[in-house]
Amino acid sequence: MGSIYRTILKRRTIRKFKPRRIPYSILKKLANAGHLAPSAANLQPLEYFVVDKTKQLETVFPHLRWANYIAPYGTPPLDNRPVAYIAILVNKKREIADYSAYDVGLATENIILAAWEQGIGICIIKAMDKEKLEVIFSLPKYLRLDSILALGYRAENPKTEPLKKSVKYWKDSRGRLHVPKRALSDVLHHNRINFSGLKPGVCSKLILSGQAPSIPFRVRFGGRERIK
Ligand SMILES: Cc1cc2nc3c(=O)[nH]c(=O)nc-3n(C[C@H](O)[C@H](O)[C@H](O)COP(=O)(O)O)c2cc1C
């Protein structure tokens with residue numbers, strides 16, 4: 001496997017950034033990486049609003065929500081705030097029902113991987129005050145704000161670890177972020193369904209505490225547990 005695969009293995013969400021400007025020429029290339037991603041029916045509904053002016057960066061920051069599981073410890077400190085944002089906009093005149101979310105996901109990952117190779121880390125932000133930000137960006141009615149990518153040269157090095165009980169990422173006493181990931185053997189099915197991903201407790205506990213409502217619930221089925 002080549003360098004893209006190695007980047008995929010190393011990539012983590014970054015929420016601490018160096019106080020160093022990203023040249024606009026690079027930001028433009030990152031927008032282009034998003035722009036050239038696959039697009040349903042090739043409609044290309046996405047547009048990219050790049051912010052790198054200090055004043056505007058300051059205006060946007062208070063409307064973003066960071067790392068809900070560990071709040072407020074995932075919010076970038078003053079000296080480690082994003083030095084640029086790429087807001088992903090959807091042109092409503094060009095979108096077809098339900099498909100633009102796929103376009104956004106694909107464009108976002110293109111941008112994240114291209115950025116990582118430049119030493120730039122990204123945090124996808126969906127938890128934000130969308131109405132306020134649409135006003136701040138003076139968006140015309142035909143454009144809607146989908147998400148914001150917060151960017152900067154990486155100033156943290158999160159660690160991937162095997163998921164044991166909880167999907168919640170956490171910080172250790174030195175402030176390093178740990179990100180639990182399910183084992184590949186739990187999510188990979190080769191020619192037949194493999195039930196090893198159904199470890200007791202993980203999903204149901206989260207659902208009960210209201211933290212992961214979208215995780216499918218488990219049912220007992222013929223002595224084995226299955227995802228319904
Ligand atoms: C659709 C989506 C929305 C997200 N929204 C936020 C957000 O609002 N704030 C935040 O701090 N992180 C956000 N994240 C980042 C996730 O918390 C992160 O991807 C997850 O913890 C896994 O970590 P990893 O990206 O390092 O694998 C979002 C990620 C995705 C895919």
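## Contacts and overall make-up

Two residues are taken to be in contact if their C-beta atoms, placed from the backbone, lie within 7 Å. By this criterion, residues 24 or more positions apart account for 70% of the contacts in the chain with a separation of 6 or more. The model is a predicted one, in which local features need pLDDT of at least 70 and side-chain atom pairs count only at pLDDT 80 or more, while totals for chains, interfaces and linings use all residues. Residue numbers start from 1 along each chain as its sequence is written.

The chain contains seven helices and nine strands; these are DSSP runs numbered from the N terminus, with helices (H or I) of at least four residues and strands (E) of at least two. Of its 228 residues, 21% count as buried. A residue is buried if 20 or more other C-beta atoms lie within 10 Å of its own, exposed if 12 or fewer, and partly exposed in between.

## The nonpolar core

A nonpolar core is a set of buried Ala, Val, Leu, Ile, Met, Phe, Trp, Tyr and Cys residues joined through C-beta atoms within 7 Å. The largest such core has 33 residues, and those with the most contacts inside it include Tyr-85, Ile-111, Ile-122 and Leu-149. At least two residues of this core come from each of H2, E1, E2, helix H4 (100–116), E3 and strand E4 (143–153). E2 gives the most, with seven residues.

Leaving aside residues up to four places away in sequence, Ile-122 touches Ile-14, Ile-111, Ile-112, Ala-115, Leu-149, Ala-150 and Leu-151.

## The ligand surroundings

The ligand is surrounded by 14 residues, the closest being Arg-12, Thr-13, Trp-66, Lys-126 and Ala-127.

By class, the shell has nine nonpolar, two polar and three charged residues. Here Ala, Val, Leu, Ile, Met, Phe, Trp, Tyr, Cys and Pro count as nonpolar, Asp, Glu, Lys and Arg as charged, and the others, Gly among them, as polar.

## Backbone exceptions

Most residues other than glycine have a negative phi, and most peptide bonds are trans. Asn-42, which is not a glycine, has a positive phi of about 50°. Asn-42 lies in the loop between helix H2 (24–35) and strand E1 (46–51), and is exposed, with 6 other C-beta atoms within 10 Å.

The loop between helix H3 (54–60) and strand E2 (84–91) holds Pro-72, and the peptide bond from Ala-71 to Pro-72 is cis, with omega near 5°. Ala-67 is also found in the loop between H3 and E2. Phi of Ala-67 is positive, near 40°, and Ala-67 is partly exposed, with 18 other C-beta atoms within 10 Å.

Terms used
Near = placed C-beta within 6 Å.
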